[in-house]
Structures are given as structure tokens and as C-alpha cells.
Amino acid sequence: MTTGSQARQCPFDFAEALEFDPMLRQLMNEGPVTRIRLPFGEGTAWLVTRYDDVRTVTTDRRFSRHAVAGRDFPRMTPEPIVQSEAINLMDPPAGSRLRSLVSKGFAPAHIERMRLRTQNVVDELLEQMAGHGTPADIMEHLAGPLPLITICEVLEIPEADHAQLRAHARTMMDVGVANRDAAVRAKAELRAYFATLTAQRRKNPGDDLISVLATARDGDEILNDEELAVMAMVLLITGQDTTTYEIGNLTYLLLTRPDLLATVRERPELLPGAINELLRFIPFRKGVGIPRVAMEDVSMSGVTIKAGDIVHVSYLTANRDARKFDRPDEVDLERSGPPHMTFGWGAHHCLGAPLAAAEIEIALGTLLERFPRLALAKPAEELQWNATSIWRYPLALPVTW
């Protein structure tokens, strides 16, 4: 790949509440495809910002995720979060086979069962929050524990292991240079944990999702031991952190926008659509995620991307593309139009999206119903926001009722 002074330095470290990153906005406005340099990794990459171009990169076989395996690709974290056996680094048809097997664990019947359990967990957590009294921190009492409890129950992970596994997952998302060795250790320990756990489930399967995956068949295909261990690990990480942060972000947005809160309270039937719109609007992470490699020369929006070049997409800018969304920087709770890309797109659209959406809807709906006078306990400008990982979220969200 050609390197040079024309590449834009992109720390992507903006972390002011849920304001849109001004650097990302500048890159959107300057052109649809830009050469960038990220905090970690070798060389430069292309950044694709338009909705239609993002859709092309994420669905076109000329771009490969698997080809980044083993490369020191430009990225946000000191240690790559991904692993070569993980589903989020596979291309079709290998990835399609794995997704087909994994999707059996997220079948509608399973999601419905999870919804019932999620409702019970939310009720218990809000009961404890009420008992704690006001003010109480939404991150501590609801957003933090709910997704962890839910995914650990789905995977049937012993409660004694929850805290350590969460700590490992957080360490892997840290963007600090000093964190590299700790991230390597955390990844290795998580992998070893799940290798042992999945081997036990393969031997003695139960009703949990790991057992479902261990015994799932697509014709003669089953997951091999490494795929199963890494898949369980990916499910744990993606099944808790992002949902935790989005519950915090959505609650913050509603409590700081009285107009939106009043509309959702008056018309609770709008809640699922409102959540969808807020997920589109919220810049839920910093920068970019896992890139792809161009397998041949590709012309895109007037730029020639050469074979071998690393290509990053921005789901955040795609969600704000004025060619696709009317008034993209405004929240419209009754918006219709194309789907947002917050859960990814194409072969790497998040398989757990239905579970995440169900958790968020149940958590927010029950919270607003249980506490009709819910409000922030301190001015919004006094809240502290995460500045050390790839995710955007309030560190604490104290509320009164």
C-alpha cells in the first residue's frame, strides 16, 4: 500500500458525551474515501464513509476480512481484539457455514425464552435500585449487570466467574499503549477459559447456548473445538459490553431530551421504533472496527483502491449519510427509511442483534414505566464519559425519581 504525507492522522479519541466526532464529520464532508493513519498498526488504510459504499465493502467478495489475519493492520487498540478463528474474521462461504450454525442459537423461540428471563432480571434489578433509594446510578444498577447476567445465563457461565470474565473483556477494549501486555494476557486467559468450558459442554450438553452450538448441525457440518471456544468468547464480549453502553447512552439521551422522553411516555408503542432511531443517531464507539483487505483493484466513488490495501468502514458516518437519511443529525422517532448500520452489515451483521434489541427495549420500557418521574440527579455537563476504550458511554448515570 502507498504510504505518505497525504494520509490523515486519525486518533479518533473524541469523547464528549454523545456529540458526533468532529474529525469523522470533517472526513465525511471532504470526500467519501480517505487515506488515514490510526494510532496502532503498520501503514495506512482507506476510510469509507458513505452508506452505499459501506454497504459495498461489507457485502462485496472483492473485500476480505479473513485476509487481515496475521497482519499488523491499522487499528484503534494496541493488541488486535479479533482472532483468526473468530466468526467476525471469516468470509463467505466459511463464515456463512458458521453463521448458519450460530443462528440456530438465536432462533425466534430462543429469543422469546430469553425475553421472559430478561424481563425477570430487569424487574429484580429495578426492585433493588428502588430499595437502594435515590440517587442511584443506572450504570451500576441496570445497564452494567443486565447484559452480563443475561449472556452468562444464556451461556450458563457460573456466577462466580462473571466479574473476572467482564474484567478481561474490558481490558481487551482499552486503547492505552501501556495496556498492550495486559490485553494479550486477558485474551489468552479468556480463550483458555472457554476452551475448557466448551469441551465440558461438548461432552455433557445441556440447554444453554454453548451446548446448542456444540451440537448444532448444518448438514454434516458442526463447529470444531477451536471455533466453538472462540465463538463462545465472542458471544460473551459482544453480548455484554455493547448492550451495557447502549442502555446507558439511550437512557442519557432520553433524560436530556424532554421532548423525546415525553413522546415515548405518552406513546409507549413508539418505543421499539424510537430505540431503532436512537441507535442510528448515537455515535456508540470511537473510530473504526475490524477492517477488510481489497483482493483486487476496486474503483469506489472516484478513488482506486489497490489490491492489498486495508479498508476501514465507518458505520457511524453511514448512519448520518444525508443521501440516505433526511435530516440525519436530528432524532425523528417516527423515521422510516433504510435500516441503520449500528449492528454492522452484510456477512458480519451482529448475530446477537435480536437479543440486544430485546434487552434494550425491556430495560428502557420497564425503567420508564417503573419510575414515571425519572430524571438525572446532576447536570448533564457534570457527567463523566469513558475516555479509555473504544466505546462511548457515561461512566456513571445518577438518577432520581
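**Figure 1. Confidence across the model.** The protein has a mean pLDDT of 90, and 97% of its residues reach 70 or more; pLDDT is the predictor's confidence in each residue, from 0 to 100. Residues 1-5 have a pLDDT below 50, and beyond near neighbours in sequence this stretch has 11 contacts in the model (contact means heavy atoms within 4.5 Å). This is a predicted model, where local features need pLDDT of at least 70, side-chain atom pairs count only at pLDDT 80 or more, and totals for chains, interfaces and linings use all residues. Residues are numbered from 1 along each chain as its sequence is written, and side-chain values use heavy atoms, leaving out hydrogens and water.

**Figure 2. An open sheet of 6 strands.** Follow the order β1-β2-β3-β9-β6-β4, with mixed pairing. Strands (E, at least two residues) and helices (H or I, at least four) are DSSP runs, numbered from the N terminus, and two strands pair if DSSP finds at least two bridges between them. At the edges, β1 (8-9) and β4 (63-64) each pair on one side only.

**Figure 3. Strands β2 and β3 side by side in antiparallel pairing.** Residues 33-37 (β2) and 45-48 (β3) are joined over 4 bridges. Look for Thr34, whose bridge partner in β3 is Leu47.

**Figure 4. Helix α2 packs on the sheet.** This helix, residues 51-59, touches β2, β3, β4, β6 (292-294) and β9 (310-313). Its direction makes about 125 degrees with that of β9; axes are lines fitted to C-alpha atoms, for helices over the stretch in contact, and angles run from 0 to 180 degrees between N-to-C directions.
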